[in-house]
Amino acid sequence: MSASLEIARAARRRGLRSKFLATGQAGLMISGEGVTLDAVRVDFAAGAVEQLVMNAGGDRDLLVVEGQGSLVHPGSTATLPLIRGTQPTHLVLVHRAGQTSIYRQPHIDIPPLPDIIQLYETVARAGGMLHPSKVAAIALNTARYDEERARDAIAAVEDETGLPCTDVVRFGADRILDGILDRTLGEASA
């Protein structure tokens, strides 16, 4: 949620007509509208998200949909309907710096970030995307680190993945937005 809110805010500061689309309770309380995805029966979740996007997208330059869960978390049922329902042009992967296993599930390892990126892009492609969807950037939660260690972690993720990375709460979302816009402009000129 924080990454999505900050990306939408950065886009508005640049004059883009952006909108944050809430898919969870906290996001809904902040924005005043959206869909609480965990309250929607999973059979209808992709359709609920699609309706949210279709109702919001007509006059916008950028829709930023709040993410939920993870494809690598065995208890998450929200991520796949989000991917199918939004038909995203770009994905932003959110990760907690230094986390190597699922929270409170230390026996479930988190794969390396390049593997997760490949997983998301493959699932998006296999999930009936109307166009290819790529991970454009990584939002890294560095709250547990001091500033120097946070900057080192961000640099390490950029080296590992080749993608722009930052902690949007600490350092702003401009680097993430640049990654989205650079990919958009690159795709438009191709």
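User: Which residue has its backbone nitrogen reached by the side chain of Ser70, and at what distance?

Analyst: This is a predicted model. Ser70 is found in the loop between S2 and H4. The backbone nitrogen that the side chain of Ser70 reaches belongs to Val72, at 3.1 Å.

User: Leaving aside neighbours within four places in sequence, which residues is Ser70 in contact with?

Analyst: Ser70 sits in the S2 to H4 loop. With neighbours within four places in sequence left aside, the contacts of Ser70 are Ser76, Thr79 and Tyr120.

User: Which residues are in contact with Tyr120, leaving aside its neighbours within four places in sequence?

Analyst: Tyr120 is among the residues of the largest nonpolar core that touch the most other members. Beyond its neighbours within four places in sequence, Tyr120 is in contact with Gly69, Ser70, Leu71, Thr79, Ile83, Leu91, Leu93 and Val135.

User: Which element gives the most to the largest nonpolar core, and how many residues does it give?

Analyst: The largest nonpolar core has 24 residues, and those touching the most other members are Leu93, Ile116, Tyr120, Val135, Ile138 and Leu140. At least two residues of this core come from each of strand S3 (90–96), helix H5 (113–126), strand S6 (134–141) and helix H6 (147–161). The element that gives the most to this core is H5, with five residues.

User: How many residues make up the second, separate core?

Analyst: Ala10, Ala22, Leu62 and Val64 are included in this second core. One of them, Ala10, is also listed among the buried residues of H1. The size of the second core is 18 residues.

User: How far apart are the end C-alpha atoms of helix H3?

Analyst: H3 covers residues 42–56, which is 15 residues. At 1.5 Å a residue the helix should span 21 Å. The distance between its end C-alpha atoms agrees with this, at 22 Å.

User: Within what arc do the buried residues of H3 fall, seen down its axis?

Analyst: The buried residues of H3 are Ala45, Ala48, Val49, Leu52, Val53 and Ala56. They line one face of the helix, because seen down the axis of H3 they fall within an arc of 130°.

User: Which residues are exposed on the other side of H3?

Analyst: The buried residues of H3 pack against strand S1 (18–21), strand S2 (62–65) and helix H4 (79–86). On the other side of H3, the exposed residues are Asp43, Phe44, Gln51, Met54 and Asn55.

User: Is Arg17 buried, partly exposed or exposed?

Analyst: Arg17 is found in the loop between H1 and S1. Its relative accessible area is 44%.

User: What does the side chain of Arg17 reach at 3.1 Å?

Analyst: Leaving aside neighbours within four places in sequence, Arg17 is in contact with Asp59, Arg60, Asp61 and Leu62. Arg17 and Arg60 are 43 residues apart in sequence, with their C-alpha atoms 5.0 Å apart in space. What the side chain of Arg17 reaches at 3.1 Å is the backbone oxygen of Asp59.

User: Is Gln87 buried or exposed?

Analyst: Gln87 lies in the loop between H4 and S3. It has a positive phi of about 50° although it is not a glycine. The relative accessible area of Gln87 is 18%, under the 20% cut-off, so Gln87 is buried.

User: Is Arg104 buried or exposed?

Analyst: Arg104 is in the loop between strand S4 (101–102) and strand S5 (105–109). Like a residue that is not a glycine but has a positive phi, it takes about 65°. At 68% relative accessibility, over the 50% cut-off, Arg104 counts as exposed.

User: With which side chain does the side chain of Asp167 make a polar contact, and at what distance?

Analyst: Asp167 lies in the loop between strand S7 (165–166) and helix H7 (168–171). Asp167 is buried, with a relative accessible area of 6%. Leaving aside neighbours within four places in sequence, its contacts are Leu140, Asn141, Thr142, Ala143, Ile154 and Gly172. The polar contact of the Asp167 side chain is with the side chain of Thr142, at 2.5 Å.

Methods: Residues are numbered from 1 along each chain as its sequence is written. This is a predicted model: local features need pLDDT of at least 70, side-chain atom pairs count only at pLDDT 80 or more; totals for chains, interfaces and linings use all residues. Side-chain values use heavy atoms; hydrogens and water are left out. Helices (H or I, at least four residues) and strands (E, at least two) are DSSP runs, numbered from the N terminus. The expected span of a helix is 1.5 Å times one less than its number of residues. Buried means under 20% relative accessible area, exposed over 50%, partly exposed in between (1.4 Å probe, protein chains only). The arc is that of the directions from the helix axis to the C-beta atoms. Contact means heavy atoms within 4.5 Å. A nonpolar core is a set of buried Ala, Val, Leu, Ile, Met, Phe, Trp, Tyr and Cys residues joined through side-chain atoms within 4.5 Å. A polar contact is a pair of N or O atoms within 3.5 Å; within protein, one must be able to donate a hydrogen and the other to accept it, and residues adjacent in sequence count only if both atoms are side-chain atoms.
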